[in-house]
Amino acid sequence: MVARDVVVPAVDLHWRFSRAGGPGGQGVNTTDSRVELSVDLRRAALPEHVRARLLERLDGRLHDGVITVVAADDRSQRRNRRAARERLSVLLRDALAPDPPARRATGPSRGARRRRLEAKRRQGAVKALRRRPAAE
């Protein structure tokens with residue numbers, strides 16, 4: 001489930017398992033605990049407006065319309081499957097979220113301008129003390 005009204009059917013999820021790298025003792029060479037979860041967004045059973053938004057927002061992460069997440073954090077395949085599902089869900093939910101409101105440009109406040117000028121005056125006074133005294 002991605003959002004209340006958007007669900008990616010289990011049929012559209014493609015699981016792949018492999019051996020996770022890193023430490024793990026003897027079991028690391030025999031257990032396929034690394035999980036890759038892929039969804040072909042072009043072919044998934046999703047409403048058309050949802051599909052278009054996902055393809056647009058996730059364009060940089062897609063390979064031929066397929067989004068893939070990997071989980072190899074845990075030694076248990078079951079926990080890695082859960083983590084991969086959650087990562088995919090968060091990724092799709094964030095892609096479907098509305099754009100943040102546009103930032104309105106503002107200028108510095110009067111107090112900020114005053115503080116800046118005072119700091120410049122103080123710095124100028126410090127540098128003036130470093131100069132050689134004027135010869136008369």
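Is phenylalanine 17 buried, exposed or partly exposed? Phenylalanine 17 is partly exposed, at 30% relative accessible area (buried is under 20%, exposed over 50%, partly exposed in between, using a 1.4 Å probe and protein chains only).

This is a predicted model, where local features need pLDDT of at least 70 and side-chain atom pairs pLDDT 80 or more, while totals for chains, interfaces and linings use all residues. Numbering starts from 1 along each chain as its sequence is written, and side-chain values use heavy atoms, leaving out hydrogens and water.

View A. Ring centres of tryptophan 15 and phenylalanine 17 are 6.4 Å apart with planes at 5 degrees, so they're stacked (Phe, Tyr and Trp rings, six-membered for Trp, pair with centres within 6.5 Å; stacked is under 30 degrees, edge-to-face over 60, tilted the rest). The charged end of arginine 81 sits over the tryptophan 15 ring, 4.6 Å from its centre (NZ of Lys or CZ of Arg within 6 Å of the centre and within 35 degrees of the ring normal).

**View B. Asparagine 80 in helix H2.** Asparagine 80 lies in H2, residues 77-96 (helices are DSSP runs of H or I, at least four residues, numbered from the N terminus). With 1% relative accessibility, asparagine 80 counts as buried. Leaving out residues up to four places away in sequence, asparagine 80 touches Ser33, Arg34, Val35, Ala71, Ala72, Asp73 and Asp74 (contact means heavy atoms within 4.5 Å).

Notes:
Helices (H or I, at least four residues) and strands (E, at least two) are DSSP runs, numbered from the N terminus.
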